[in-house]
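Please consult the sequence and the structure alongside them.

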Amino acid sequence: MFLKRAWDHELAWHFRRSPVAIAAALLTLACVGAALLAPWIAPQDPFNVAVLDLNEAFLPPAWLPGGKAAFLLGSDNQGRDILSTILYGARISLGVGLASVALALVLGVSAGLAAGYLGGRTDALIMRIADVQLSFPAILIALLVDGVARVALPASSQDRIAIPVLVLSIGFAGWVQYARAVRGSTLVERQKEYVQAARVIGRSPLAIMAEHVLPNVLGPVLVIATIHIATAIITEATLSFLGVGVPATQPSLGTLIRVGNEFLYSGEWWITVFPGAALVVLVLSVNLVGDWLRDALNPRLR
Amino acid sequence: MTLLELDGVTRDFDVSRRWLNRLLEGEPRRLLRAVDGVSFSLERGETLALVGESGSGKSTLARLIAGLYRPTQGRIAFHGKRVQMIFQDPYASLNPRWRVREIVAEPIRVLFRRSTAETCSKVGELLLQVGLSPEDGEKYPHQFSGGQRQRISIARALAGEPDLLICDEPTSALDVSVQAQILNLMSELQRRLSLTYLFISHNLAVVSQVADRVGVLYLGRLVELASASELFTRPRHPYTRMLMDAVPDIEISGRARTPVAGEVPNPLAPPSGCAFHPRCPYAYDRCVAERPPSLDRVACHAIEEGRIS
């Protein structure tokens with residue numbers, strides 16, 4: 001019943017007619033599936049020091065002379081299988097990306113609703129903060145939050161809390177675009193008579209925002225969120241590449257690229273190129289899905 | 001028994017530009033007086049219609065009484081339990097993401113906190129009462145026509161068990177054939193539930209059909225208030241006469257129809273004295289200088305002095 005409705009939905013109809021969207025969605029599903037199933041499908045557990053063998057370090061990909069079949073995409077300086085580190089790394093990249101998007105979404109939607117619905121000083125305050133933050137590049141904000149957290153927290157716990165800090169910094173860097181989109185739609189919805197009808201029976205501003213306005217302003221937010229997942233993964237990779245992201249003991253794709261980068265000039269290119277390619281495929285597929293969703297939901301492009 | 005009393009109710013809106021622009025360009029604060037010193041009272045069980053052109057402050061007055069705005073000056077005394085409101089645009093007055101049963105149940109849920117089963121049966125009852133079926137509750141608003149949506153709005157308003165129902169141009173967005181159905185439904189409900197209506201409209205034909213008394217608003221001021229039969233047969237205020245003369249009249253009575261002359265002045269800079277004087281054929285010096293008081297329910301110097309009857 002539900003599946004039938006979903007299949008008949010306008011969006012599903014658009015989806016079936018767009019080969020790019022289908023390909024991108026399948027690719028995204030494959031990436032997410034591979035990342036989620038990493039512990040079961042990866043040939044090796046790259047974080048289990050017991051199975052690592054330094055004699056197997058710096059092996060080239062299997063199809064090159066000197067490569068071993070067990071190490072399809074070669075191995076790194078510690079004898080870890082590159083394919084396995086990519087699968088595990090994608091898990092962390094995706095996890096950090098999704099979590100920070102969720103944080104940015106909650107922050108931004110709440111701020112946008114409050115600004116748009118309450119108006120006046122609340123609106124002015126929230127949107128001025130947003131303007132100021134928007135005048136800095138997101139990566140700078142993330143670096144700032146990350147740096148402050150590192151100084152403020154004890155050094156011993158830093159590896160443990162590295163990922164939450166990263167999520168916090170990327171999430172905080174991205175709330176503005178949600179706030180702006182939601183504020184705009186809220187300003188429109190607030191004028192509508194169903195909101196006034198709710199006010200006549202004495203509903204509180206909070207109840208009206210949550211129950212009446214929110215469901216009507218979520219459409220554009222979902223589009224932004226999908227595209228933002230790709231951006232967040234890139235930001236995480238950039239921060240990890242700069243060395244302020246996740247620690248090398250729990251590498252994300254960005255960390256893998258940074259570590260591999262050190263060996264690029266000594267000829268072991270596969271250590272950095274394969275994680276890089278994985279990042280490109282992951283981000284590209286998520287982005288294509290987001291772009292398609294944006295176009296499909298835009299009535300002017302139909 | 002008096003249900004509602006308004007005493008000198010005034011509402012200003014701040015339409016000045018932003019503080020920074022005002023500061024830089026040396027502009028003063030600008031206030032728009034949407035409702036200006038309106039006084040009247042409403043008896044239980046009657047229908048009072050407020051008529052006026054666009055921008056005459058009818059909708060603002062409705063929203064003031066519904067409690068959506070606070071009056072800048074004056075006093076609104078309501079002696080009943082609850083006010084409910086029906087809005088003009090049936091496409092904007094129902095939340096498009098809610099099912100009809102949720103829309104109708106909201107006032108019951110919020111105001112009376114009944115059990116789910118009780119609420120459910122009450123919603124079905126209300127839908128029947130406005131000529132829909134209880135099964136319609138499962139649908140979304142976009143699955144209904146304009147007239148049906150207005151029925152849903154009425155059901156929702158009745159769910160709040162109001163003493164006073166404010167209807168802000170409830171039929172002006174509907175086809176003429178549907179208008180009549182909605183009006184009939186409303187008068188039937190009034191008889192059955194002894195409701196009091198405050199009916200806002202610019203359509204005099206509709207007003208003559210539903211109203212017991214009619215108030216005429218001009219630029220936020222109440223210029224005349226009289227029983228419907230009196231107002232339609234013997235309008236007194238020059239503005240009311242002008243409105244009546246403009247009504248198309250089906251029994252070609254030989255009466256020359258005069259179009260409404262001139263336009264409503266800019267409410268940001270209302271005329272001095274009587275707001276109607278620039279358009280009034282009877283205006284003279286005193287009308288420019290002095291605002292006419294509301295005597296015998298008409299605010300006009302010419303009538304006060306007996307120059308016109």
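**Packing, sheets and interface**

Q: In this predicted model, what is the relative orientation of α3(B) and α4(B)?
A: Helix α3 (residues 100-112) and helix α4 (residues 116-129) of chain B pack at an angle of about 110°, with their axes 9 Å apart. Angles of 65 to 115 degrees count as roughly perpendicular. The two helices α3(B) and α4(B) are therefore roughly perpendicular to each other.

Q: Is the crossing of α3(B) and α4(B) left-handed or right-handed?
A: On the α3(B) side, the residues that meet α4(B) are B:V100, B:R101, B:V104, B:A105 and B:I108. Their counterparts in α4(B) are B:T119, B:K122, B:V123, B:L126 and B:L127. By class, this contact has seven nonpolar, one polar and two charged residues. The crossing of α3(B) and α4(B) is right-handed.

Q: Which strands of chain B stand at the edges of the open sheet of six strands?
A: The order of this sheet is β5-β6-β7-β3-β8-β9 in chain B, with mixed pairing. Each edge strand has a single partner strand, so one side of each is left without a neighbour in the sheet. The edge strands of chain B are β5 (83-86) and β9 (221-227).

Q: Which residue of β7(B) stands opposite B:L50?
A: Strand β3 (residues 47-51) and strand β7 (residues 196-201) of chain B run parallel and are joined by five bridges. Opposite B:L50, the residue in β7(B) is B:I200.

Q: What is the average twist, from one strand to the next, of the open sheet of three strands in chain B?
A: This sheet has the order β2-β1-β4 in chain B, with antiparallel pairing. Strands β2 (31-43) and β4 (73-78) of chain B are its edges, each pairing on one side only. From one strand to the next, the twist averages 15°.

Q: Which residue in β2(B) stands opposite B:D12?
A: Strand β1 (residues 2-14) of chain B pairs with β2(B) in the antiparallel sense, over nine bridges. In β2(B), the residue opposite B:D12 is B:R33.

Q: How many helices are there in chain A?
A: From the N terminus on, the elements of chain A run α-α-α-α-α-α-α-α-α-α-α-α-α. The C-alpha atoms of this chain fill a box of roughly 75 × 50 × 30 Å along the principal axes. Chain A has zero strands, and its number of helices is 13.

Q: What is the relative orientation of α11(A) and α13(A)?
A: Helix α11 of chain A and helix α13 (residues 270-297) of chain A pack at about 165°, with their axes 9 Å apart. The crossing of α11(A) and α13(A) is left-handed. The residues in this contact divide into 15 nonpolar, four polar and two charged. Angles over 145 degrees count as roughly antiparallel, and α11(A) and α13(A) are therefore roughly antiparallel.

Q: Which residues of chain A lose the most area to chain B?
A: The contact takes 14 residues from chain A and 22 residues from chain B. About 1700 Å² is buried between the chains, and carbon and sulfur atoms give 52% of this area. Together, three residues account for 39% of what the chain A side buries. Those that lose the most area are A:E193, A:V200 and A:I201.

Note on methods:
Residues numbered from 1 in each chain as written. Chains lettered and ligands numbered in written order. Predicted model: local features only at pLDDT ≥ 70, side-chain atom pairs only at ≥ 80, totals over all residues. Heavy atoms only, no water. Pairing = 2+ DSSP bridges. Helix = DSSP H or I, 4+ residues; strand = E, 2+ residues; numbered from the N terminus. Axes fitted to C-alpha atoms, helices over the stretch in contact; angles between N-to-C directions. Contact = heavy atoms within 4.5 Å. Buried area = accessible area lost by both parts, 1.4 Å probe. Parallel < 35°, antiparallel > 145°, perpendicular 65-115°, else oblique. Left-handed = near helix turned anticlockwise from the far one by under 90°. Nonpolar A, V, L, I, M, F, W, Y, C, P; charged D, E, K, R; others polar.
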